[in-house]
Amino acid sequence: MAMTMHQRARLSRGIQYAVLILVALALIALADWPLLIDKVFNPEIAAQQFPGILVVALKNTLIYTLLGFVVGLTGGVVLALMKLSSVAPYRWLATLYIEFFRGVPALLVFLAFGYGIPLAFGFRFNHYVTVMIALGLVAAAYIAESLRAGLQAVPKGQYEAARSLGMSHARAMVTIVIPQALRIVLPPLTNEVILLTKDSSLVYLLGMGVGQYELTKYGREAISGAGAGLTPLVVAGVCYLIITVPLGILTRRFESKTDRMKKS
Amino acid sequence: MSTASSPTPRSGPGGADGLADAASVVVEGLHKSYGSLEVLKGISLSVGAGQVVCLIGPSGSGKSTLLRCVNLLETPQQGRITIGDFEVTDPEADVDRMRRHVGMVFQQFNLFPHLSVLENCTVAQLKVLKRDKAEAQRIARGNLERVGLAEKADSYPDQLSGGQQQRVAIARALSMDPALMLFDEPTSALDPETVGDVLAIMRNLAAEGMTMLVVTHEMEFARDVADKVVFMDGGVVVEEGPAAELIRHPREPRTQAFLSRVLNPTQVQAPER
Ligand SMILES: Nc1ncnc2c1ncn2[C@@H]1O[C@H](COP(=O)(O)OP(=O)(O)OP(=O)(O)O)[C@@H](O)[C@H]1O
Ligand SMILES: [Mg+2]
């Protein structure tokens, strides 16, 4: 029996809705809801997480992220300038660095600085310095690429118009090119902060005192308590979202602004 | 107000550079290559002070390259360029100083999108000429009025039509009190209905005695405004002469072929006629 495309599309959509409704009904009927709520989000256990999860864990997550970002941005600027340098060895070194740190897991970098170097050289960085270096080295590679792309995305005509008004190279870069590049770079840079926020959970691997716990470690320790269930992890997850969701919205806001700017 | 249309007296060391209010341009034996591609093969050309010269020629003939050599956006390999008494091609020349007095208008406008219309017209006055803010804004507003866009001072470039953007670009260049204006196909990227506004401003400028070197395909403009038309092809000047004469009675076959294509574009599309 022949069906038109339209009929077939309708049938397919109908089946998808039917499956969805059946699964939902089955879940509602079969699941042990009181047990699930008790294990996954028990309000009492959730309340016990406060204020520690905010004043210790969330605070530390923010500190680790910020430390990583400062090192990442500084390193990223240097690497981006190296990558655009007219001196070839600078470009090669920057490329090597960027490809290396974008290509290996951040976990490996944390292990190297947290355990590898202390074991090999009998020398241990301060906890915060370890985090700063490990997070920053990886972030620098990603940030460098965003910055380079941003600088190159500013049309050549902008630089030429600035120079033809009598501006020096440095003046044209500072007044005309870099401000535009920064706007182009803002969305990927905000995105990098989101990635860093999540990557700061790798601090979990390092030995540390309770006062240095960040969200993931804090949640992990709390689920060991009797009858805690999953609730502490859920609360920790919500704390991450409190940081990352607004940043995501900000990124999209920047993106639509940059699109507008590029059209002219 | 009369100050809007009268040229603002030049402040600063313009005269000391040998760049008078309206400077002449002399190009002699100019060569420019990109790698093995020779784009300009010995160009000589002159524009008298206060004159308008239109450069015409087919695509790829080197018109833009020539214009960009005049303010050294491109570096020629050989030849001499002088603007007024200022030798542009002198290796010791202070290029930034020369460019302050040479306005350039691009086909793609190249307004600064992160700055308002007023800021576009003041940024170089402030950062390059070191004028104070009030004076720079007064000069910028005067020039925006001159191009009929005084009310757009606080808009951003992306809020303007192409024709309006190009008029702002002209006001931006004029705000530096140029001794010479270079135009590279200023109306080629515009909608037909906005071309007239830009050309009208250029006509006024010419009437006020601005030295202008204009790459254009607007033959009517060239005929009415230019003192001289220069036809370029393949990196050389094929023919030059008084505008009306060259456009009406071109001597060289290549000029004739080009002009008949530009003046009667339908013939190309409908060869059976
Ligand atoms: N930066 C560059 N590198 C290499 N080749 C170039 C460069 N700029 C221009 N050219 C070449 O030089 C030749 C002349 O270019 P130019 O832009 O001066 O021509 P034009 O007469 O302005 O043409 P149009 O009318 O299309 O604007 C062309 O063949 C072009 O491909
Ligand atoms: Mg051109």
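Trainee: How many residues does the contact take from chain B and from chain A?
Mentor: The contact takes 23 residues from chain B and 21 residues from chain A. Please keep in mind that this is a predicted model.

Trainee: What area do chain B and chain A bury between them?
Mentor: About 2000 Å² is buried between chain B and chain A, and 60% of it is on carbon and sulfur atoms. On the side of chain B, the residues that lose the most area to chain A are B:F112, B:H114 and B:D158, which together account for 29% of what that side buries.

Trainee: Why quote an area for an interface at all?
Mentor: The accessible area lost when the parts come together is often used to give the size of an interface.

Trainee: How many salt bridges does the rule find across the interface of chain B and chain A?
Mentor: There are 2 salt bridges across that interface. One of them pairs A:E160 with B:R68, and their closest N and O atoms are 2.7 Å apart.

Trainee: And how many residue pairs are in polar contact between chain B and chain A?
Mentor: The count is 6 residue pairs, with both residues at pLDDT 80 or more. As for the elements of chain B, helix 2 (95-99), strand 6 (102-105) and helix 3 (117-127) each give two or more residues to the side that touches chain A. Helix 3 of chain B gives the most, with 3 residues.

Trainee: Which residues does B:D96 touch?
Mentor: Leaving out residues up to four places away in sequence, B:D96 touches A:R163, A:G166, A:M167 and A:S168. B:D96 lies in helix 2 of chain B.

Trainee: Is B:D96 buried or exposed?
Mentor: The relative accessible area of B:D96 is 18%, so this residue counts as buried, the limit being under 20%.

Trainee: Moving on to chain B as a whole, how many helices and strands does chain B have?
Mentor: Chain B has 10 helices and 10 strands. Of its 273 residues, 53% are buried. Chain B exposes about 11600 Å², with 46% of that supplied by carbon and sulfur atoms. Among contacts in chain B between residues at least 6 apart in sequence, 66% join residues at least 24 apart.

Trainee: How many of the residues of helix 1 of chain B are buried?
Mentor: In helix 1 (residues 63-70) of chain B, 7 of the 8 residues are buried, so the helix is largely enclosed by the rest of the structure. The buried residues are B:K63, B:T65, B:L66, B:L67, B:R68, B:C69 and B:V70. B:R68 is also the partner of A:E160 in the salt bridge we discussed.

Trainee: What follows helix 1 of chain B?
Mentor: The helix is followed by B:L72, which has a positive phi near 65 degrees.

Trainee: Where does B:F109 lie, and what is its phi?
Mentor: B:F109 lies in the loop between strand 6 and helix 3 of chain B. Its phi is positive, about 65 degrees, although B:F109 is not a glycine. With a relative accessible area of 10%, B:F109 is buried. B:E185 also has a positive phi, of about 45 degrees, and is not a glycine. B:E185 is placed in the loop between strand 7 (180-184) and helix 6 (192-207) of chain B, and is buried at 12% relative accessible area.

Trainee: Turning to chain A, which residues does a cis peptide bond join?
Mentor: A cis peptide bond joins A:F50 and A:P51, with omega about 0 degrees. A:P51 is found in the loop between helix 3 (43-49) and helix 4 (52-83) of chain A.

Trainee: What does the side chain of A:N42 make a polar contact with?
Mentor: The partner is the side chain of A:D38, at 2.8 Å. A:N42 is found in the loop between helix 2 (33-40) and helix 3 of chain A, and is buried with a relative accessible area of 14%. Apart from neighbours within four places in sequence, A:N42 is in contact with A:I37 and A:T231.

Trainee: Lastly, which residues form a nonpolar patch on the surface?
Mentor: The patch is formed by A:M3, A:L11, A:I15, A:V19, A:V23 and A:L27, with about 530 Å² of accessible area together. A:M3 is in the segment before helix 1 (5-30) of chain A, and is partly exposed at 33% relative accessible area.

Technical notes
Residues are numbered from 1 along each chain as its sequence is written. Chains are lettered from A and ligands numbered from 1 in the order in which they are written. This is a predicted model: local features need pLDDT of at least 70, side-chain atom pairs count only at pLDDT 80 or more; totals for chains, interfaces and linings use all residues. Side-chain values use heavy atoms; hydrogens and water are left out. Patches are made of residues with over 30% relative accessible area and no salt bridge: like charges are joined within 9 Å, nonpolar side chains (Val, Leu, Ile, Met, Phe, Trp, Tyr) within 5 Å. Accessible areas come from the Shrake-Rupley method with a 1.4 Å probe; for residues, only the protein chains shown count as cover. A salt bridge is a side-chain nitrogen of Lys or Arg within 4 Å of a carboxyl oxygen of Asp or Glu. Helices (H or I, at least four residues) and strands (E, at least two) are DSSP runs, numbered from the N terminus. Buried means under 20% relative accessible area, exposed over 50%, partly exposed in between (1.4 Å probe, protein chains only). Contact means heavy atoms within 4.5 Å. Buried area is the accessible area (1.4 Å probe) that two parts lose on being put together, summed over both. A polar contact is a pair of N or O atoms within 3.5 Å; within protein, one must be able to donate a hydrogen and the other to accept it, and residues adjacent in sequence count only if both atoms are side-chain atoms.
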